[in-house]
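Keep the sequence and the structure open beside you, and try each task before you read on.

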Amino acid sequence: MGKKRSREDGKDAPPANAKPDKTEEDSSEEEDFEVLDIDFEWFNFAPEIDFHGVKSLSRQLFDVDASFFNMSALSDLILSQPTIGSTVKVEGKETDAFAMLTVLNTQVHREKEPMKDILKYLTEKAKTNESLTLVSDVLNSEKHVGLLLSERLINIPPQIVPPLYSMLIDEIDAALEDKEPYEFSHYLILSKTYEETESSLDVEKRKKKKAKEEPTTFYFHPEDEVFQQHALAHGSFFYTKEDDTAADSKRAFQEAGIRPTGHMILIEAGKFGDAVKAMTEYLRME
């Protein structure tokens, strides 16, 4: 495991217990697996290095609806607060991030282009799901909400997540001591889920089937399931630019395709620390 320099002085990142990746190699008729040891490193955001990596991860987080927002402006906003949040890299500070976590004050930045558009979008999406009604109410108030943006590349082990959140809590505490605007009433986690769907190629098969039960929600980020247990509200929403043929392109030889959906989790600030502790224990057992 690597280190992350936090604010003025250096600090070891908490242990992540990340499991090593495995790469399959063919050996005649047998399957051999080579274990790769990867040292993950945690860093503060560096504006001169991380712009493109942060922009790419942010675009991935918003999925097909990313085009509704100025992702360059959002990346600049994230990078404007380098002591809040972290990137995770594997080959040193000068490389692109494999994962990131940050928090933005919705009230302080609400008139800035990226935040203004994001708040409008999230408010409208919250109105499409009764489970998210409280999210809409909170965002439309004058409360200081911490919008948490967390994303990572596919196949990055979830065990890197607890250090990200632990360091974020420490950094927010330090920022509050410096009278910086990070005293939140709530945290709103923006994330992604997906549902399994029937492919549109299976039209005749679908016609023969009876109505099915509600689709099951699956999580790209396993920590979201723990956070939901501590939430005031949580729920998914459909993307505006959703393409009905997307399920076919992502079938990956499965009978069912997948339908990505946006997801929001609203947690009271006073319960956020306990949520992070519970998430850390859960991922430690994985």
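**Exercise 1. A side chain and a backbone oxygen**

Which backbone oxygen does the side chain of Asn129 reach, and at what distance?

*Solution.* Keep in mind that this is a predicted model.

Step 1: Find Asn129 in the loop between α3 and α4 (133–139).

Step 2: Follow its side chain to the backbone oxygen of Ser236, at 2.9 Å.

Step 3: Look at the wider surroundings. Setting aside neighbours within four places in sequence, Asn129 is in contact with Gly235 and Ser236.

Step 4: Decide how covered the residue is. Buried means under 20% relative accessible area. Asn129 has 18%, so it counts as buried.

**Exercise 2. The end of a helix**

*Solution.* Step 1: Ala126 belongs to helix α3, which covers residues 113–126.

Step 1: The relative accessibility of Ala126 is 1%, so this residue counts as buried.

Step 2: With neighbours within four places left out, Ala126 is in contact with Leu132, Thr133, Val135, Ser136 and Met264.

Step 3: Now try a distance. Ala126 and Asp137 are 11 residues apart in sequence, and their C-alpha atoms lie 9.2 Å apart in space.

**Exercise 3. Checking helix lengths**

What span should the 14 residues of α3 have, and what do its end C-alpha atoms show? Then do the check for α5.

*Solution.* Step 1: The expected span is 1.5 Å times one less than the number of residues.

Step 1: For α3 this gives 20 Å, and the end C-alpha atoms are 20 Å apart, so the two values agree.

Step 2: Next, look at which residues are covered. In α3 the buried residues include Ile118, Leu119, Tyr121 and Leu122. In α5 they include Leu164, Tyr165, Leu168 and Ile172.

Step 3: Look just past α5, where Lys179 takes a positive phi of about 65°.

**Exercise 4. Pairs of rings**

How many aromatic pairs are there? Classify two of them.

*Solution.* Step 1: The count comes to 11 aromatic pairs.

Step 1: Take Tyr194 and Phe220. Their ring centres are 4.9 Å apart and their planes meet at 50°, so this pair is tilted.

Step 2: Tyr194 is in strand β9 (residues 186–198), while Phe220 is in the loop between β10 (217–219) and α7 (223–228), so the pair ties together parts that are 26 residues apart in sequence.

Step 3: Check Phe220 itself. At 35% relative accessibility, Phe220 counts as partly exposed.

Step 4: Take Phe237 and Tyr239. The centres are 6.1 Å apart and the planes are at 80°, so this pair is edge-to-face. Both Phe237 and Tyr239 are buried.

Step 5: Finish with a group. Tyr165, Tyr182, Phe184, Tyr187, Phe227 and Phe272 are linked into a cluster by ring pairs.

**Exercise 5. Charges over rings**

*Solution.* Step 1: Lys192 lies over the face of Phe220, at 5.1 Å from the ring centre.

Step 1: Arg259 lies over the face of Phe238, at 3.7 Å from the ring centre.

**Exercise 6. Positive phi angles**

*Solution.* Step 1: Asp63 sits in the loop between α1 (47–62) and α2 (71–79). Its phi is near 55°, a positive value in a residue other than glycine.

Step 1: Asn155 sits in the loop between β8 (145–152) and α5 (161–177). Its phi is near 80°, again positive in a residue other than glycine.

Step 2: Asn155 has a relative accessible area of 67%, so it is exposed.

**Exercise 7. The whole chain**

How many helices and strands are there in the chain?

*Solution.* Step 1: The chain has 9 helices and 12 strands.

Step 1: Of its 286 residues, 46% are buried.

Step 2: Among contacts between residues at least 6 apart in sequence, 77% join residues at least 24 apart.

Definitions and conventions
Residues numbered from 1 in each chain as written. Predicted model: local features only at pLDDT ≥ 70, side-chain atom pairs only at ≥ 80, totals over all residues. Heavy atoms only, no water. Helix = DSSP H or I, 4+ residues; strand = E, 2+ residues; numbered from the N terminus. Buried < 20%, exposed > 50% of the residue type's maximum accessible area, 1.4 Å probe, protein only. Contact = heavy atoms within 4.5 Å. Polar contact = N/O pair within 3.5 Å; in protein donor to acceptor, adjacent residues only side chain to side chain. Phe/Tyr/Trp six-rings, centres within 6.5 Å; stacked < 30°, edge-to-face > 60°. Lys NZ or Arg CZ within 6 Å of the ring centre and 35° of its normal.
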